[in-house]
Amino acid sequence: MVLKKNGVYLPCIQNIFGVILFIRLTWVVGTAGAIQGFLIVLTCCCVTMLTAISMSAIATNGVVPAGGSYFMISRSLGPEFGGAVGMLFYTGTTLAAAMYIVGAVEIVITYMAPSLSIFGDFTKDASIMYNNFRVYGTGLLLVMATIVFVGVKFVNKFATVALACVLLSIIAVYAGIFVNFHGNDNLFMCVLGKRLLKDVPMDNCTKEVGSPLYGIFCTNTSSTGAPLGCDPYFESNNVSIVRGIKGLASGVFLDNIADSMLEDGQYIARSKDPEEIERLERPPYNQVYADITTSFTILIGIFFPSVTGIMAGSNRSGDLADAQRSIPVGTICAILTTSTVYLSSVLLFAGTVDNLLLRDKFGQSIGGKLVVANIAWPNQWVILIGSFLSTLGAGLQSLTGAPRLLQAIARDGIIPFLAPFSVSSKRGEPTRALILTVCICQCGILLGNVDYLAPLLSMFFLMCYGFVNLACALQTLLRTPNWRPRFKYYHWSLSFIGLTLCIAVMFMTSWYYALLAMGMAGCIYKYIEYRGAEKEWGDGIRGLALSAARYSLLRLEEGPPHTKNWRPQILILAKVTSINNAPAPKHRRVFSFASQLKAGKGLTVCVSVLEGDIMRDGQSAEKHSARQMLRRTMEEERVKGFVDVLVARSIPDGICHLVQTTGLGGMKPNTVILGWPHAWRNSAEGEPHGHERTWRVFLDTVRAVAAARMALLVPKGINSFPESNEKVTGNIDVWWIVHDGGLLMLLPFLLRQHRTWKNCKMRIFTVAQMEDNSIQMKKDLRTFLYHLRIEAEVEVVEMMDSDISAYTYERTLMMEQRNQMLRELRLNKKESLGVVQSLVDFNEVPAEEKLPLVQAIVDHHHNADVKTATKVRFQEPGRNGGGGSEKEGSEGKQEATTDSSSPVLKSPSSQDVSGEKEGGETGGDGSQQQQGSNKKESGGGSDEEGDGANNEMMTSEKKSPRAITPDEGNVRRMHTAVKLNEVIVNKSHDAQLVILNLPGPPKGNLVERESNYMEFLEVLTEGLDRVLMVRGGGREVITIYS
């Protein structure tokens, strides 16, 4: 606190005591009255005191380097709030310089040298006075800017002189009040009735005919020569001479208790009677009238700048020997001192000066004299010179501090367009920032009126003070471990009261100025958020976000959400490749597709697995590089979410771990996006496991996702999917074979919320068998969609039984020839080429895998008496060697929950050697197979009907790869896939997107079954550019209820 070269107390005193004390406080007291005037000053002082307490807590919570209030706010509330408040504080400081300059010119032109007016007699017209302020203010601004540019040392030295002038002037005022305890005869006013007159010498304050006053109010002839007479008010009232300074002993305090608020143009009078204060369409003559509409709130805005300046000490924090002690003690003591002076001055002025003189803003009734100066002792020039020099000193301090504040904000790099102002001159001065400050200050000077400038700059200071209080309250409530201020006399409730007062005063003063300041802060905040540099300052807003996230996560249920709240929480499984020795995503369009699905506003997590050992040198760097690449890709594709990269010894294990562990609490992904392995057929000679590994990773991932009860999306032809900045028109076709919880219905709805798919229409196709009532199915499906509030066209496709074509046999033969080759390549060296032993275990689905029953939309159109949830699996059919009986492989159960009554496809029974009736589509996204009635086959083996799965024992067989006969089960599956593909291509060849069900993968890891599964999916989706294969997570995701 104490005062060495760089203290806190005296700089705060100098900045708080300003021009308002000398040129406006008496007018505020006379207009508002003693009681309301006291409340105005008390409210403003409470704002600054509460802000000082909050600022003291922040300032003592660690070292505060140079930068003061901006540094404290930005490091407490983050770069967005810090930059916004910093710019507001800069604007307020710059406009304060304009107010000080206009105030200094007003003191000179109005009270010291009226003859300097260059536009005539300003007492006759207020606009003349304000034009003088603009012209002289501009000249004074240029002089002061030159001083700041040339010699900052002079500014610092002049500050001592200005401070001495302020203190001397205040002492002189107090001395004059007590010296004039019984009043004095130096000031008299001429009063007509109850109205105050101006420009009337006391010797001429008479109504006698021929007197100057009579000549003003009485006009003998008009412009036409007709006699007029005198003003009616002049004729009916007498004039009187009233003493201006009555003294404390006079009891005038009682006359000054009530307020005397006026509207612009009303006369200053002792009464509020309309006959006394209204003009009544008469000339004003030389009567004093109000030049501004006044109210309690307007007066708060005008007075508030006189209590600003409390940041002066913290702005000098870099120069203080012990800032953590000096800032709290010095600032709070300075506020207590200035508040005492202001509050006592309100009462002393109200008890000393006549009410009419207090309300005469420019002292026109006493010959253009300053009221405060005529109270002071020993002479009015002590106040005039002292107030002028102190105002100049405050203006110089503002012009010095504002450019440095702007430079500090620019150097932080949080507002990119301010970068040019971070440059200093060769002398280390912020020249560019000074030029901008002078330009903004000139705009304020052009307003030309302190009464207009004061409320405007009050908004910016109040916003700054409000954020200081908010920062302290947040830090206190969050109880962050780093919040350990040395200043202990604070509480979060005091900070909230301070914040509330700041906002209240802002809107009481001027609601449109308040909205302007808040709008400016909001624009800067959003600009920094959108374009600004990333800064991590450990601020309170991030701490608040952390606390809010913790609270929300704890509130979320661990279990799955209600159907109405279900939305796709996406887990993107991204494959990282190397392009020019730099990591890059293999399928970039996957990110665009995820962004288009984000209409659900769910969570998005992008993960990737690197094969290796995290403890190996260089692996951590590779992981970090991949993570940065994925983060950059998500930002470029505008996907908001999180990124993670896992290093694992094998890709399938890593993916399995990510699927199980990604997420936290109730915010766990429920939908996985997995790319289709386009190169699964390719196999380089001599590398038998090359292509097998591609589909093995894919199928292991499908199995892991299904086991985790998560939905799966497999986009095929992802490189042809539209980017997020494109717009497509056409149809989104949904081939709805199985009701899997409604995900097929929900996905196109979510896609159409994005502008890329907004112009597309939704069509739903479902497949009917010959025994189904297609018309009723279509009607019921339309009703169901109506209740779901989804607009879509509905079409029921009837599949006819037909003979198996030669093409189907050819595709099946090619598939089995490839499988035979694979078996040969996988043989051990000790085995002879061409000999394969294949053993297929029972494929019984355990009871715990049975999912709850899902009601199909068209269930009552099938000839099923009992609805059972079934699953369909692809399964390699057995073959008999020698002359044994041929056995068919059962299809098990599909992972997606279906009803036996769901619409299915009927395979041709004529080709079914075992008499087994196969339903469902095989292979594709939407393909399914359903088991009909199982018949006991000759040759042994039995069927278990409890869960719809067949237990069959396969026999070993030795077979030459060149003598292959297509298996009947594979032929039927291929036939179903080919026929369904023909229907889909025929109906949806021009669709922008085709969405299908995806059946579960074959059980077990036998290569032949997996190869067949991939081949069936290829056949099913052949000829389609954009396909999305969807597999539900085993729960309802859409409901008809609100």
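Colleague: What does Asp733 form with Arg763, and how far apart are the closest N and O atoms?

Modeller: Side chains of opposite charge can pair when their charged atoms come close. Asp733 forms a salt bridge with Arg763, with the closest N and O atoms 2.7 Å apart; the term requires a side-chain nitrogen of Lys or Arg within 4 Å of a carboxyl oxygen of Asp or Glu. Asp733 lies in strand β13 (residues 729–735) and Arg763 in strand β14 (residues 759–768), so the pair ties together parts that are 30 residues apart in sequence. Helices (H or I, at least four residues) and strands (E, at least two) are DSSP runs, numbered from the N terminus. This is a predicted model, in which local features need pLDDT of at least 70 and side-chain atom pairs count only at pLDDT 80 or more, while totals for chains, interfaces and linings use all residues. Residues are numbered from 1 along each chain as its sequence is written, and side-chain values use heavy atoms, with hydrogens and water left out.

Colleague: Are Asp733 and Arg763 buried or exposed?

Modeller: Both Asp733 and Arg763 are buried. Buried means under 20% relative accessible area, exposed over 50%, and partly exposed in between (1.4 Å probe, protein chains only).

Colleague: Which parts of the chain does the pair of Lys987 and Glu795 link?

Modeller: Lys987 forms a salt bridge with Glu795, with 2.6 Å between the closest N and O atoms. The pair links distant parts of the chain, with Lys987 in helix α28 (residues 968–988) and Glu795 in strand β15 (residues 793–798), 192 residues apart. Lys987 counts as partly exposed at 30% relative accessibility, and Glu795 counts as partly exposed at 26%.

Colleague: How many salt bridges does the rule give?

Modeller: The count comes to 22 salt bridges. One of the pairs is Lys716 with Glu1018, at 3.4 Å from N to O. Lys716 belongs to strand β12 (residues 711–716) and Glu1018 to helix α29 (residues 1007–1020), 302 residues apart. Lys716 and Glu1018 are both buried.

Colleague: At what angle do helix α3 and helix α18 pack?

Modeller: Two packed helices are described by the angle between their axes and the distance between the axes. Helix α3 (residues 25–59) and helix α18 (residues 492–509) pack at about 140 degrees, with their axes 9 Å apart. Axes are lines fitted to C-alpha atoms, for helices over the stretch in contact (heavy atoms within 4.5 Å), and angles run from 0 to 180 degrees between N-to-C directions. The angle makes α3 oblique to α18; under 35 degrees counts as roughly parallel, over 145 as roughly antiparallel, 65 to 115 as roughly perpendicular and the rest as oblique.
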